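Q: Please take a close look at the aromatic pairs in this structure. Where do the rings sit, and what lies around them?

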Amino acid sequence: MEEVSRRDILSQNLSGEGRMHDCEVIIVGGGIAGLSAALVLGRCRRRTLVIDSGEPRNARSRALHGFLSRDGVDPWEMRRIGGEQLDAYPDVTRIDGTVIDAQCRQGGFDVDLADGRRFSGRMMLLATGIVDHLPQVEGLDRYYGRSVFHCPYCDGWETRDQPLAVYGRGEDGVDFALELLGWSRDLVLCTDGEALCEKGRRRLERHGIALRQERVLRLEGEGEALERIVFAEGEPLSRSALFFLPAQGAHSPLAQRLGCEVREGVSETGPLQQSAVPGLYMAGDAARSVKLAIVAAAEGAQAAFAINTALHKSNSRE
Ligand SMILES: Cc1cc2nc3c(=O)[nH]c(=O)nc-3n(C[C@H](O)[C@H](O)[C@H](O)COP(=O)(O)OP(=O)(O)OC[C@H]3O[C@@H](n4cnc5c(N)ncnc54)[C@H](O)[C@@H]3O)c2cc1C
């Protein structure tokens with residue numbers, strides 16, 4: 001009975017205008033990292049607010065792989081289940097919204113949402129993820145997440161032993177092609193108009209990887225299945241999947257705004273996900289680590305553990 005009324009009070013504050021004073025932890029980002037943190041904090045009976053703008057990094061993916069007990073699950077279904085399970089914890093409130101600004105002040109943090117709402121919390125977790133910038137190749141966007149991928153750990157198994165293209169330039173492209181040998185021996189590196197140095201060519205030759213250096217005009221294939229790559233010159237290349245290395249950036253400017261150093265979208269954290277700013281934690285893809293869902297979930301849990309401990313210590317000093 002008492003728990004129900006606590007949630008009701010929180011909800012009234014959330015839907016109303018002005019500031020919610022009753023929150024111990026604000027989590028910005030309700031992806032895997034944020035939801036995982038909220039689950040642990042909810043179980044610790046910490047009044048937690050999760051704010052999410054609903055744009056997870058893997059929105060284009062059909063199936064999430066490599067997550068023990070959830071291998072192959074639809075990523076949206078996983079989020080739905082996560083949210084549903086959180087509903088059992090009365091101290092956790094989830095809202096839709098985009099945090100556009102955040103301030104660190106004595107004893108906590110304030111956040112401003114795009115729709116004008118403003119919330120305060122004693123501790124804050126940024127689990128805002130990153131964004132991938134896709135190469136500007138006609139058709140690539142259409143096949144992305146279906147037969148064009150960036151991560152062999154996520155989708156390499158499903159394309160094993162198939163004819164694969166690797167899209168990349170310079171030594172990075174060569175290294176990525178060599179890495180993909182673990183999944184298929186039938187590989188062609190496409191440099192999209194950039195000439196590869198002699199050393200790079202010799203490395204590819206030694207490992208039986210073919211090279212196409214012509215400019216890529218477009219990707220073609222029925223439905224969502226890549227079938228061929230069309231070049232500015234020469235014959236089209238028949239391939240059933242393509243892997244590329246994306247450029248990456250921050251999904252949100254909040255970490256930088258709060259004083260964290262951000263490089264290629266990610267910030268350094270300590271062993272318990274703490275940032276350089278006291279009371280501010282980072283988890284998931286936005287923190288420098290392996291960018292896999294199960295790691296994001298683990299980091300969320302780790303941050304929640306650290307936040308709960310810090311709140312407990314601070315309360316017992318008061
Ligand atoms: C195509 C693709 C396929 C993938 N496949 C796999 C796979 O098979 N296996 C695997 O382990 N990993 C996979 N990944 C990686 C996996 O998606 C990420 O590691 C995981 O999503 C990271 O979780 P996260 O919670 O850190 O970030 P996200 O899942 O990106 O969640 C971040 C959330 O924060 C929200 N947000 C951002 N800024 C704000 C803001 N200012 N205010 C409010 N909310 C905000 C976003 O809307 C989003 O919902 C894949 C990635 C891609 C791109």
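A: First, some ground rules. This is a predicted model, where local features need pLDDT of at least 70, side-chain atom pairs count only at pLDDT 80 or more, and totals for chains, interfaces and linings use all residues. Residues are numbered from 1 along each chain as its sequence is written, and side-chain values use heavy atoms, with hydrogens and water left out.

Now the rings. The structure holds three aromatic pairs. Rings of Phe, Tyr and Trp (its six-membered ring) pair if their centres lie within 6.5 Å; planes under 30 degrees apart count as stacked, over 60 as edge-to-face and the rest as tilted. Take Tyr144 and Phe244. Their ring centres lie 5.7 Å apart and their planes meet at 55°, so this pair is tilted. The two residues are 100 positions apart, and the pair links distant parts of the chain. Tyr144 is in the loop between helix H4 (140-143) and strand S9 (148-149). Phe244 belongs to strand S16 (residues 241-244). Helices (H or I, at least four residues) and strands (E, at least two) are DSSP runs, numbered from the N terminus.

Buried means under 20% relative accessible area, exposed over 50%, and partly exposed in between (1.4 Å probe, protein chains only).

Another pair joins Phe149 and Phe243. Here the centres are 5.5 Å apart and the planes stand at 40°, so the pair is tilted. Phe149 lies in strand S9 and Phe243 in strand S16, so the pair ties together parts that are 94 residues apart in sequence. Both Phe149 and Phe243 are buried.

Some rings also have a charge over them. That label applies if NZ of Lys or CZ of Arg is within 6 Å of the ring centre and within 35 degrees of the ring normal. The charged end of Arg160 sits over the ring of Trp157, 3.8 Å from its centre. Arg212 places its charged end over the ring of Phe231, 4.0 Å from the centre.

Ala232 is partly exposed, with a relative accessible area of 38%. Leaving aside neighbours within four places in sequence, Ala232 is in contact (heavy atoms within 4.5 Å) with Arg215 and Leu217. Ala232 and Glu214 are 18 residues apart in sequence, and their C-alpha atoms are 6.4 Å apart in space.

Now step back. The protein has nine helices and 20 strands. Its C-alpha atoms fill a box of roughly 70 × 35 × 35 Å, taken along the principal axes. Of its 318 residues, 48% count as buried. Among contacts with a separation of 6 or more, 57% come from residues 24 or more positions apart.

Arg45 is not a glycine, yet has a positive phi of about 60°. Arg45 lies in the loop between helix H2 (32-43) and strand S2 (48-52). With 47% relative accessibility, Arg45 counts as partly exposed. Ser69 has a positive phi of about 80° and is not a glycine either. Ser69 is found in the loop between S2 and helix H3 (75-86). At 59% relative accessibility, Ser69 counts as exposed.
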